[in-house]
Amino acid sequence: MIQLIVFLPLLAAIIAGLGNKALGNVPAKIITTGALFISCALSWPIFIGFMTGGYEEGFVVPVLNWLQSGSFNAMWELRVDALTAVMLVVVTTVSALVHLYSWGYMDEEPDQPRFFAYLSLFTFAMLMLVTANNLLQMFFGWEGVGLASYLLIGFWFRKPSANAAAIKAFVVNRVGDLGFMMGMFATYLVFGTISIPEILNAAPSMAGSTIGFLGYRFETMTVICLLLFVGAMGKSAQLGLHTWLPDAMEGPTPVSALIHAATMVTAGVFMVCRLSPMFETSETAMHVVTYVGAATCLFAATVGTVQNDIKRVIAYSTCSQLGYMFFAAGVGAYGAAMFHLFTHAFFKALLFLGAGSVIHAMHHEQDMRYYGALRKEIPITFWAMTAGTLAITGVGIPGTLFGFAGFFSKDAILEAAYAAGGIGHTAFALGIAAALLTSFYSWRLVFLTFFGKARWAESEHIQHALHHHHESAEEEGDSHDHHHHAAHSGTGGYRPHESPWVMLLPLVVLSMGAVFAGLIFHGAFVDPEGGAHFWEVSTLFFDEHLMHESHLVPMWVKLAPGAVMLTGLAIAWLAYIKNTDWPARFVAQFHVLYDFLLNKWYFDELYNAIFVKPAFAIGRFLWKRGDEGTIDRFGPNGMAALVVAGGRVTRKLQSGYLYTYALVMLIGLAAAITWAITR
Amino acid sequence: MNQLGFPILSLMMALPLAGALASLFSSAAASRMIALAVTLVDLLLGVVLWLNFDQGLSAPQWQFTEYAPIFGRFAWAMGIDGIALLLIVLTVFLMPICILASWEAISKRVNEYMAAFLLMETMMIGVFTAQDLFLFYIFFEAGLIPMYLIIGIWGGANRIYASYKFFLYTLLGSVLMLIAMLWMARDANSTYIPTLMQHSFDPKVQIWLWLAFFASFAVKMPMWPVHTWLPDAHVQAPTAGSVILAGVMLKMGGYGFLRFSLPMFPEASVYFAWLVFALSMIAVVYTSLVALVQQDMKKLIAYSSVAHMAIVTVGLFAFNEAGLEGAMMVMLGHGITASALFLCVGVIYDRLHTREIDRYGGLAVNMPQYAMIFLLFTMASIGLPGTGNFVGEFLSLMGVYEASSWVALVSTTGIIFGAAYMLYLYRRVCYGDLTKEDVKAMPDLNLREWAILAPMAAVILWMGVYPESFLKPMRADIHMIVERMASAKPEGDAQLTAGVPQASAAHGSHENEDAHSSNHETAGEAH
């Protein structure tokens with residue numbers, strides 16, 4: 001059964017990809033979407049089985065021998081335990097819904113089989129990643145999702161910006177992969193295996209040992225964990241290696257929802273949780289994870305507050321939420337990290353697909369400055385987006401079971417961080433600050449998009465749509481007078497249309513998740529007893545004591561997330577509904593800060609200046625001055641010059657006599673050998 | 001005689017030779033058919049060879065041996081082990097592809113061209129089968145003649161310069177090698193390679209012998225800084241010439257290290273490992289950066305080959321199973337991938353007659369099938385898991401990590417650079433908008449081109465998903481080399497110390513137990 005779940009999407013991808021145009025749009029869509037819904041339907045029973053204690057232990061299904069060299073052995077095999085089960089339902093559910101959604105969103109696209117093949121290929125690679133029983137197979141999935149991400153970001157390959165974003169995503173991820181690969185090498189050197197259960201078994205016994213690395217001596221487990229964590233930072237877009245994620249929004253919106261929000265970018269978190277007993281052996285590594293997570297969480301939230309592109313806001317939000325998951329893992333609350341991963345998958349996919357629905361309605365306009373007043377025009381999208389926003393901002397009543405998904409998972413993280421003490425307090429403080437910003441930018445998005453006055457007329461996309469529509473209307477001889485009048489108002493006479501049902505259905509389903517996922521599943525994921533029971537059948541290290549402690553934190557800690565959430569909401573309401581001139585005044589007053597945030601802390605400019613440009617400059621230098629100017633000049637060309645000067649054989653060289661010389665010399669050598677042997 | 005009852009190795013060499021003679025005296029059309037038929041039969045024989053190669057535990061190391069004294073010590077001694085087997089299979093696999101790739105691209109002096117290729121096949125198989133030192137030398141050097149001819153006659157505008165450079169570099173290296181061989185034959189009183197592999201040369205002399213062989217193999221590999229002949233040779237060679245050059249000729253350097261330098265001069269190999277590491281590390285970074293700024297497709301792929309071959313050399317000088325097997329897998333994987341990339345360049349070169357990257361763009365629009373297959377090989381070159389190159393790179397880098405974390409780190413940056421220059425190339429050729437009129441007119445792959453590229457795609461995926469088929473034949477032979485190196489092998493820089501003992505923790509492999517016990521002393525110092 002697990003084989004079906006994993007390999008059906010691959011089969012579908014191959015059929016749709018190779019069939020392509022010959023197969024046609026509809027069959028390709030039916031095959032891929034059908035395969036995903038089957039995978040999804042098969043995954044939920046497994047998850048529910050683990051939830052209800054139907055499995056005594058996880059199991060591993062061998063598929064094929066893979067790589068064996070000396071004592072190194074890695075197999076293709078599918079591991080299923082509680083952790084895998086969580087990921088299985090997240091991946092297959094969001095993927096199936098995104099496939100369905102794409103029927104509508106990509107309807108006008110001429111190249112649909114390719115798109116759906118890539119989506120299914122991605123799903124396959126992601127499933128290989130989450131079912132991996134050794135690090136090498138995890139790396140296979142890791143790179144496979146990277147490939148699919150590259151292909152989907154660059155799906156509209158005629159656009160230079162999409163191509164640039166695709167390459168950036170791949171190359172930046174490769175920097176992380178360098179860490180992952182080095183981590184695997186070190187793991188094999190230390191443990192003699194890369195099988196996950198065996199490493200996790202042996203890891204505690206290596207605590208306290210040291211290893212030589214790059215000429216220095218470090219704690220063995222710290223080296224291994226941090227190398228692997230560099231990989232996680234790349235894939236999960238953590239501070240320093242995050243620059244690819246916002247650019248990845250060049251891809252079609254369903255892709256952003258599936259890959260760059262719900263699944264692929266959470267692979268790093270999954271990896272840390274999968275290897276949690278190993279990370280537990282190195283305090284230094286845990287501290288680094290905590291700091292990186294907390295820093296990313298706040299950094300991304302600050303940038304998210306000033307972006308104008310609706311997708312970029314959500315992208316930075318994703319980056320920030322991933323930071324939450326990492327610092328949860330860093331303080332030892334892996335259950336909370338996985339819980340946030342789980343709920344985030346639903347509400348973030350919802351927000352992205354909702355944004356896609358808005359973009360669809362607004363004729364590919366993505367700039368929120370040209371939105372406004374869409375509440376009445378696209379009501380279902382509005383309500384879905386609202387549900388998502390309530391979930392991400394963590395609306396709920398402390399002490400009760402009333403709350404949206406993010407309320408349960410984010411509060412669990414913050415409370416666990418506080419309870420962990422030490423650097424957990426730092427993480428808690430940064431997390432609270434980020435929660436304030438989260439609430440602000442999330443509501444800002446909703447207010448700019450759905451409330452206020454319509455500001456559509458200035459949008460080029462809308463203008464284009466109107467112009468086009470106008471022409472066709474005139475051709476039909478059915479020109480509406482009010483078009484001309486309305487052109488002067490904010491709407492420009494444009495009528496946004498609600499998306500078709502194939503797009504709305506996934507929104508509704510995900511809204512359910514955003515509303516109820518926290519309520520239903522918090523018992524299994526983060527409750528001290530329930531969590532211990534659930535996570536027992538997985539490699540996840542569940543710290544019952546910490547989760548107990550997190551229930552006993554002071555009242556103000558429990559109330560703080562709610563308070564900052566309300567504050568953020570209030571500021572957003574004041575600035576974007578009550579006094580709409582505030583943002584402009586703020587920008588005028590603090591333009592340095594604003595520019596700093598708008599330009600994303602100038603990371604791209606910095607990297608461009610210290611990595612990209614020098615790489616090309618050095619490459620040119622080495623080529624012209626190194627290869628041509630030095631090696632060739634003093635090597636073969638120098639010798640040629642000598643030969644020419646000595647024997648004046650240029651003409652002969654150029655007329656092909658060279659071969660004669662070559663032959664003569666070789667024959668001479670052969671004669672020398674003969675002499676040497678027979679003498 | 002052997003398990004087949006007929007001298008299959010000699011037959012595999014005689015067939016192309018006969019074919020070469022026949023095609024010299026045939027018309028263009030007939031010589032094409034002769035060449036294709038002969039190379040296909042050789043491919044078939046190669047498959048027979050592989051299927052009959054005994055991979056069992058008790059199998060002899062040298063199989064299909066033939067021995068016929070010629071004069072003096074000089075003998076027609078043939079025989080293969082698993083390493084040679086795989087390289088022969090690679091050779092005979094690429095040959096029919098080369099013939100098909102030249103089917104329409106070559107229009108002048110076709111019969112001579114085909115003859116040159118068939119002659120080269122004989123020589124290349126000879127290199128991998130020869131068990132006599134001087135027989136090896138003759139094949140090793142004589143194989144260059146047809147290659148000079150192919151570049152010099154059917155090459156591009158600047159072909160004379162390229163073939164001159166090729167000639168100069170390779171000849172200088174091989175003269176030194178020849179002198180070393182003469183010394184070895186006297187010292188060991190034998191020219192039989194298996195005997196020499198067991199012979200213990202004086203470590204002081206080994207240094208000189210090693211350097212002499214290194215001069216030849218480093219050029220062939222090619223290693224930095226004697227790599228500059230390769231980009232020129234590739235650029236000027238016709239497509240099929242590039243395929244053989246990248247696919248087989250570069251592998252002769254690696255084969256030489258495996259067959260001669262490591263087993264015959266183990267102490268010297270260890271002594272000079274730092275040199276190989278240093279040159280390889282420079283090569284990975286240097287040639288990758290140079291590849292990034294190339295404007296000529298073939299030159300870009302040529303530079304990427306130098307970077308990939310550097311991974312081979314670091315793997316070889318790791319002196320452990322993973323490193324050596326990884327190096328072999330990189331050679332095989334690169335042999336397929338780089339060849340396929342040159343063929344992909346050839347496909348569009350045949351249509352537009354330029355290798356300049358900026359002349360293309362947007363091919364994914366009008367040549368979607370081409371874009372797909374080119375993407376596959378691009379990804380293989382980048383070393384994506386699931387392709388043969390990944391298996392090789394992973395193993396050899398893992399092997400070298402055991403020797404030195406610095407070397408592993410610098411060499412592994414190749415995966416970042418590789419992604420950058422290959423994706424940048426792919427983007428400029430296949431992506432972007434389709435604006436140029438002449439590019440718009442280019443038709444997608446035809447049946448012949450599919451017949452060339454599809455088998456290569458299948459093989460590269462096979463190598464990535466089930467590399468055991470390729471690892472198994474060479475396992476015993478690699479193990480012998482590792483055993484031979486074991487006494488001289490230096491310790492790595494990891495110097496792992498034991499952890500704090502904890503109850504109930506199951507322990508890793510015996511290897512680590514060794515590492516622990518041998519490093520207990522250092523543990524004390526470190527704390």
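Throughout this passage, a residue is called buried when its relative accessible area is under 20%, exposed when that area is over 50%, and partly exposed in between, with a 1.4 Å probe and protein chains only. The structure is a predicted model, so local features need pLDDT of at least 70 and side-chain atom pairs count only at pLDDT 80 or more, while totals for chains, interfaces and linings use all residues. Residues are numbered from 1 along each chain as its sequence is written, chains are lettered from A and ligands numbered from 1 in the order in which they are written, and side-chain values use heavy atoms, with hydrogens and water left out.

We can turn to the salt bridges. A salt bridge here is a side-chain nitrogen of Lys or Arg within 4 Å of a carboxyl oxygen of Asp or Glu. By this rule, 27 salt bridges are found over all chains. In one of them, A:D581 pairs with A:R585 at an N to O distance of 3.3 Å. A:D581 counts as partly exposed because its relative accessibility is 40%, whereas A:R585, at 52%, is exposed.

A:D111 and A:R114 form a salt bridge whose closest N and O atoms are 2.7 Å apart; A:D111 is buried at 13% relative accessibility, and A:R114 is buried at 12%. A:R174 and A:E143 form another, with 2.5 Å between the closest N and O atoms. This pair links distant parts of the chain, 31 residues apart, with A:R174 in helix α6 and A:E143 in helix α5 (residues 135-153) of chain A. Both A:R174 and A:E143 are buried. Helices are DSSP runs (H or I, at least four residues), numbered from the N terminus.

A:K311 is buried yet has no salt bridge, and the nearest side chain of opposite charge, A:D309, is 6.9 Å away; Lys and Arg count as positive and Asp and Glu as negative, with His and the chain ends not counted. The side chain of A:K311 does make polar contacts (pairs of N or O atoms within 3.5 Å; within protein, one must be able to donate a hydrogen and the other to accept it, and residues adjacent in sequence count only if both atoms are side-chain atoms). One partner is the side chain of A:S256, at 3.1 Å, and another is that of A:T253, at 3.5 Å. With neighbours within four places in sequence left aside, the residues in contact with A:K311 include A:M249, A:F352, A:I359 and A:Q366, contact meaning heavy atoms within 4.5 Å.

A:C297 sits in helix α13 (residues 283-304) of chain A and is buried, at 0% relative accessibility. Beyond four places in sequence, the contacts of A:C297 include A:S320, A:Y324, A:F327 and A:A434.

Finally, the interface between chain A and chain B involves 88 residues from chain A and 101 residues from chain B. The two chains bury about 8500 Å² between them, 72% of it on carbon and sulfur atoms; buried area is the accessible area (1.4 Å probe) that two parts lose on being put together, summed over both. Between chain A and chain B there are 2 salt bridges, and B:K165 forms a salt bridge with A:D632 at 2.6 Å between the closest N and O atoms. Helix α6 (residues 160-191) of chain A supplies the largest share of the side of chain A that touches chain B, 19 residues.

Key: Helices (H or I, at least four residues) and strands (E, at least two) are DSSP runs, numbered from the N terminus.
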